[in-house]
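Let's take a walk through a protein together.

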Amino acid sequence: MAVNTAGYQLVKKKLDVKNVTLVAVSKTKSIEDIQQLYDLGQRDFGENYVQELVDKYEALPKDIRWHFIGHLQTNKVKYIAPFVYLIHGVDSVKLLSEINKQAKKSDRLVSCLLQVFISKDETKFGFDEAELMELISSLNRNDFDRVTIKGLMGMASFTEDNSLIVAEFTRLHNIFERFKVQITETRHTISVLSMGMSADYQFAIDAGSTMVRIGSLLFGERNYKA
Ligand SMILES: *Cc1c(COP(=O)(O)O)cnc(C)c1O
């Protein structure tokens with residue numbers, strides 16, 4: 001399946017007007033496919049699997065900004081901490097502690113988004129609002145000094161009900177606006193709201209997304225559901 005370059009240009013143009021960052025989700029896609037979008041100017045790519053991300057990082061140009069967007073296991077943080085640009089799916093304090101530890105080992109600051117659970121799908125991950133409030137206090141005490149929190153990430157329900165998707169994205173945007181003012185530790189610069197995928201990114205943008213994660217619209221359908 002070839003890269004949809006016309007689709008890429010169209011989506012990119014639409015997002016540029018709104019100042020929304022496009023993360024091209026390249027999981028399961030080949031080095032050649034990624035290189036093709038790279039040659040068109042794309043620099044932000046998203047991956048879900050640690051080993052796949054490491055292999056692609058090694059094979060591809062070093063000015064690519066690699067986003068880890070999947071569910072990250074604590075025992076795998078060490079493999080991506082040396083180079084990852086942004087970790088989207090931080091969904092537990094335990095994971096955040098491990099990222100902090102591995103960032104220190106790599107002598108880096110690692111940028112993260114906290115994942116918030118907004119959907120009806122039990123298979124999805126993320127903090128609820130009460131857990132998020134607790135974490136805000138901890139961040140303001142500077143408990144994680146090697147992590148820079150850039151914002152929030154969330155996924156809407158997998159549904160045909162567009163009004164539910166809009167409601168979930170709107171709710172996350174409201175949480176984001178409050179989060180921005182509640183974080184007082186100045187190392188954390190809250191500016192990123194990562195929400196929206198191929199099927200729902202238009203709703204996400206209308207609800208205030210600043211970063212979308214789009215795969216199949218650019219690369220074609222994946223061979224296996226990931
Ligand atoms: C796979 C994936 C995407 C991209 O999905 P598409 O429907 O192909 O655009 C976005 N976000 C996450 C977290 C994903 O796992």
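How many aromatic pairs does the count come to? The count comes to 2 aromatic pairs. One of them is formed by Phe 45 and Trp 66. Try to find both residues along the sequence: Phe 45 sits in strand β2 (residues 44-47), while Trp 66 belongs to strand β3 (residues 65-68). The pair therefore ties together parts that are 21 residues apart in sequence. Keep in mind as you look around that this is a predicted model.

Now let's turn to the ligand. Which residues are the closest to the ligand? They are Lys 27, Ser 198, Gly 215, Ser 216 and Arg 222, out of 13 residues that surround the ligand. Sorted by class, this shell has 6 nonpolar, 4 polar and 3 charged residues.

Zoom in and you can pick out some individual contacts. Ser 198 places a polar side-chain atom 2.5 Å from an oxygen atom of the ligand. With Gly 215, a polar backbone atom takes part, and an oxygen atom of the ligand is 2.8 Å from it. Arg 213 brings a polar side-chain atom to 2.9 Å from a nitrogen atom of the ligand. How much of the ligand's accessible area does the protein cover? On its own the ligand has 390 Å² of accessible area, and the protein covers 92% of it.

The largest cavity contains about 30 Å³ of space. Its lining is made up of Gln 115, Val 116, Phe 117, Ile 118, Ser 119, Lys 124, Phe 125 and Met 155. By class, that lining has 5 nonpolar, 2 polar and 1 charged residues.

How values were computed. Residues numbered from 1 in each chain as written. Predicted model: local features only at pLDDT ≥ 70, side-chain atom pairs only at ≥ 80, totals over all residues. Heavy atoms only, no water. Near = heavy atom within 4 Å. Polar contact = N/O pair within 3.5 Å; in protein donor to acceptor, adjacent residues only side chain to side chain. Areas by Shrake-Rupley, 256 points an atom, 1.4 Å probe, with all protein chains shown as cover. Nonpolar A, V, L, I, M, F, W, Y, C, P; charged D, E, K, R; others polar. 1 Å grid on protein atoms, 1.4 Å probe; cavity = no way out; pocket = protein on both sides within 12 Å on 5 of 7 lines; lining within 4 Å. Points joined across faces, edges and corners; volume = space filled by probe spheres on them. Phe/Tyr/Trp six-rings, centres within 6.5 Å; stacked < 30°, edge-to-face > 60°. Helix = DSSP H or I, 4+ residues; strand = E, 2+ residues; numbered from the N terminus.
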